[in-house]
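Here is a report on side-chain contacts. It covers charged pairs and aromatic rings.

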Amino acid sequence: MEHHTHIHTYTHTYTHYTRTHTTDVIGVCITSYNHQGIVFITTKHGSRIPLHIVKHKRARCTVLYSHGNSEDLGPMISNQYLSEWFRGNYISYDYTGYGYSEGGEHTEEHVYNDIEAVYEYLTTDGGIKPEELILYGRSLGSGPTVHLASTKPNGIAGMVLESALLSIVRTQCRCVSESWKSDIFCNIDKISKIEAPTLIIHGTRDCVVPHYHGRHLQDNIKNTVEPLWLPRGHNDLWDGDEAHCRPIFDKINKFISHALRERRRSLLYKTVHPSRTKRIPMSQHDKKNNTSSNRQKVILSHSFHHSCAHIHVHTCEYARAR
C-alpha cells in the first residue's frame, strides 16, 4: 500500500458555499463574503488550489494558515477578523483534494507542493516579504508548515504550531521511536532543522493528538519560546468567550512581535557586519603543538600595512554541530 493512502479527508458543506459546475466559473462561489480575496494557483503537480487573502492596511506581518484534516477553506474565510487581531495579512488555502481544489489526490507530497506553491505566489506575485512571514499550522496543517519552515531556513520570521503532531503513525502508537517508512508528516524528524522562533500551543486533554506530541516537539526545537498549554481538547481550544480567547491572542501577538524583532535584528546584523572573517587552516606542525587548535579563530585585521599584518587571535567556543 502506498504511504499516501493513509491520508483520509472529511470535507464539509458550508451554507455560504455553493458548488457550481459551469465552465465559466472557477469552482467556488462565495455568497456571504466578498470573493475578491479568492485566488486560484497551480501547483507543480498540476492541481489548482484556492487561496484566500485578507490584506491589512498597515500590516506588520503575514500569517499563512494551514488548516486541520477535517476542515477546508470554508470556515477559514469566516476568520477574516484574525487579520485585525494579528495586525497583519491573513492567508488561508485548501490542500489538493480538499474543498474546492481541482485535480489531483490528497497525498503527503501534494500537500507539500501546495504550501510551496502558496509560498512562491506570496513572495513573488503577492509582494510578501519572507522576513515578515509567520507560518501557522493546526493539527494536520503542522505537516506542511514544518516542511516549509525546514526547507526555507531564511525564508520565514516565525512559526506557530497548534495541536501539532509528531507524525501520523504516532497519533495511534506512542511506542514508535523511529519513523516508519510508511509513516507520513514526520514533523519530529524535521523540527530540529528549523532556525526560526517557534511557539507550541496544545491542549492537555487532547485525545486526537495527545499532549505529549506537543511536549516532544517543544523539546526538540532549536529556537523555542515558552509554550502555551491549555486545559482543553483537540477541537475546542478556541471555544469560549473573549475572556477565554484574549489570553491566547495576546500570547500569539507577543510571539509575533518577538519573531519579527529577532528577524529584523538578524537582517540588520548581516547588513552592518557582513562576513569579513577568513579562517586560516593550521599546519600539521601547529596542530601537533597546539592541543586547543579547534578552539581558535583567526581574524585578519582590515587595517594592515605593507610592512606587516596585524593578526588578532580570539579564543571562542564553536557551536556544537546539530
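## Salt bridges

K222 and E195 join their side chains in a salt bridge, 3.0 Å from N to O. A salt bridge here is a side-chain nitrogen of Lys or Arg within 4 Å of a carboxyl oxygen of Asp or Glu. K222 sits in the loop between α5 (211-219) and β10, and E195 in the loop between β8 and β9, so the pair ties together parts that are 27 residues apart in sequence. Helices (H or I, at least four residues) and strands (E, at least two) are DSSP runs, numbered from the N terminus. K222 is partly exposed at 28% relative accessibility. E195 is partly exposed too, at 43%. Buried means under 20% relative accessible area, exposed over 50%, and partly exposed in between (1.4 Å probe, protein chains only).

The model is predicted: local features need pLDDT of at least 70, side-chain atom pairs count only at pLDDT 80 or more, and totals for chains, interfaces and linings use all residues. Residues are numbered from 1 along each chain as its sequence is written, and side-chain values use heavy atoms, with hydrogens and water left out.

## Further charged pairs

The whole structure holds 6 salt bridges. One of them joins K44 to E116, with the closest N and O atoms 3.5 Å apart. This pair links distant parts of the chain: K44 lies in the loop between β3 (38-42) and β4 (48-54), E116 in helix α3 (residues 108-123), 72 residues apart. K44 is exposed at 66%, while E116 is partly exposed at 25%.

R170 and D183 form a salt bridge at 3.7 Å, N to O. Both residues lie in the loop between β8 (158-162) and β9 (198-203), 13 residues apart. R170 is buried, at 6% relative accessibility. D183 is buried as well, at 5%.

## Aromatic pairs

There are 8 aromatic pairs. Rings of Phe, Tyr and Trp (its six-membered ring) pair if their centres lie within 6.5 Å; planes under 30 degrees apart count as stacked, over 60 as edge-to-face and the rest as tilted. Y65 and Y136 make a tilted pair, 5.4 Å centre to centre with 40° between the planes. Y65 belongs to strand β5 (residues 62-66) and Y136 to strand β7 (residues 133-138), so the pair ties together parts that are 71 residues apart in sequence. Both Y65 and Y136 are buried.

W238 and F249 have ring centres 4.8 Å apart and planes at 50°, so this pair is tilted. W238 is partly exposed at 27%; F249 is buried at 3%. Ring pairs join W85, F86, W238 and F249 into a cluster.
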